[in-house]
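Colleague: I'm new to reading protein models. Can we look at one together, and can I keep asking how you know things?

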Amino acid sequence: MTIEIDRRKLIAGLGGGLLLSGCDSWSRSEAVARFLHSSEGLTKGAQRLISSDTALAREFSAAEMSPFFRSNGNSTADTPEYRALLANGFADYRLRVGGLVEHPLEISLNQLRAMPSRTQITRHDCVEGWSAIGQWTGPQLSHVLDLARLRDGARYIVFYCADSFDSKPYYESMDLADAYHPQTILAYGMNGEPLPEAHGAPIRVRNERQLGYKHAKYVMAVEAVASLTTVFDGKGGYWEDVGDYAWYAGI
């Protein structure tokens, strides 16, 4: 547990006293990148060693929720396709689930809302050093993956998003241990309301044991893959590909 606490405090300390504007500003600094990359293997090994795959991140009471929860990264996805979905309340939205699965799926937002859901109040820790406590509601990712039935070769789950940075699509990924963690959900609700646009509507990933940039927003598709090396630049995520952050961001 000491490793997790020290990592969180160090990240927060690096951010102290700086003007923060979103998880794509000062956190690109060489010092932060060097810290995240150097600690990736140690943090992942320690976290998996001292806790089971189902050990829960801390959950909070409604009274502890933050009065203001800033958005991280992009505040919208500025593409014609996304703007059209947003304009009609995501009535035409379909979450595509494919790759190494037996039954590819296209799931509407109403179908996602009709699935068994989990509501959790957790702390979001941004690499910039700020944190906020919020409530999230949505089906467990494991439920969706079970409906699609992963093939034996599947090792990672990739999330493709509607937003982009510098014309490069945003994406993220996780291994099956995190994908099947009980607190990993596809959140369509935040603080008792539909997920706001700035926080990734209609769907964002909540991966509660990792830093905020792993919580992909504006999720359009989910793909099961055997390796991350063939996905974009092969490092498992947008920020990882550009060299800023480590693939594993456990806290």
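Predicted model: local features only at pLDDT ≥ 70, side-chain atom pairs only at ≥ 80, totals over all residues.

Colleague: Let's take one residue. Why is asparagine 207 called buried?

Modeller: Buried means under 20% relative accessible area. Asparagine 207 has 1% relative accessibility, so it counts as buried. You'll find asparagine 207 in the loop between strand S10 (204-206) and S11. Leaving out residues up to four places away in sequence, asparagine 207 touches Met174, Asp178, Thr184, Lys214 and His215.

Colleague: How do you know that S1 and S2 pair?

Modeller: Two strands pair if there are at least two bridges between them. Strand S1 (residues 94-99) and strand S2 (residues 105-108) are joined by four bridges, so they pair, and they run antiparallel. For instance, leucine 95 has isoleucine 107 as its bridge partner in S2. A hairpin of five residues connects S1 to S2.

Colleague: Which strand is joined to S1 in the parallel sense?

Modeller: That's strand S11 (residues 219-225), joined to S1 by four bridges. Here valine 97 has valine 222 as its bridge partner in S11.

Colleague: What about S4 and S8: how many bridges do they have?

Modeller: Strand S4 (residues 131-138) and strand S8 (residues 189-190) share two bridges, in the antiparallel sense. The cut-off is at least two, so that is enough to call them paired. Within S8, methionine 190 is the bridge partner of tryptophan 136.

Colleague: What is the strand order in the open sheet of four strands?

Modeller: The order is S3-S4-S8-S9, with antiparallel pairing. Strand S3 (118-125) and strand S9 (193-194) each have a single partner strand, so one side of each lacks a neighbour in the sheet, and that puts them at the edges.

Colleague: Which residues in the largest nonpolar core touch the most other members?

Modeller: Tyr93, Leu95, Ile157, Phe159 and Val219, out of 53 residues in that core. Strand S5 (residues 156-165) gives the most to this core, with five residues. Phenylalanine 159 touches a list of residues that includes Leu141, Tyr170, Met174, Leu186, Val205 and Val222, not counting residues up to four places away in sequence. There is also a second, separate core of seven residues, with Val158, Val225, Val231 and Trp247 among them.

Colleague: What makes you say that the buried residues of H5 line one face of the helix?

Modeller: In helix H5 (residues 141-148), the buried residues are Leu141, Ser142, Val144, Leu145 and Ala148. Look down the axis of H5, and these fall within an arc of 160°, so they line one face. After H5 comes arginine 149, which has a positive phi, near 60°.

Colleague: One last thing: which helix gives the most to the lining of the second largest pocket?

Modeller: H3 does, with three residues. Both helix H3 (80-87) and S1 supply at least two residues of that lining. The lining includes Glu81, Tyr82, Leu85, Arg94, Arg96 and Met220, and the pocket has a volume of about 150 Å³.

Technical notes. Residues numbered from 1 in each chain as written. Heavy atoms only, no water. Core = buried A, V, L, I, M, F, W, Y, C linked by side-chain atoms within 4.5 Å. Buried < 20%, exposed > 50% of the residue type's maximum accessible area, 1.4 Å probe, protein only. Contact = heavy atoms within 4.5 Å. Arc of directions from axis to C-beta. 1 Å grid on protein atoms, 1.4 Å probe; cavity = no way out; pocket = protein on both sides within 12 Å on 5 of 7 lines; lining within 4 Å. Points joined across faces, edges and corners; volume = space filled by probe spheres on them.
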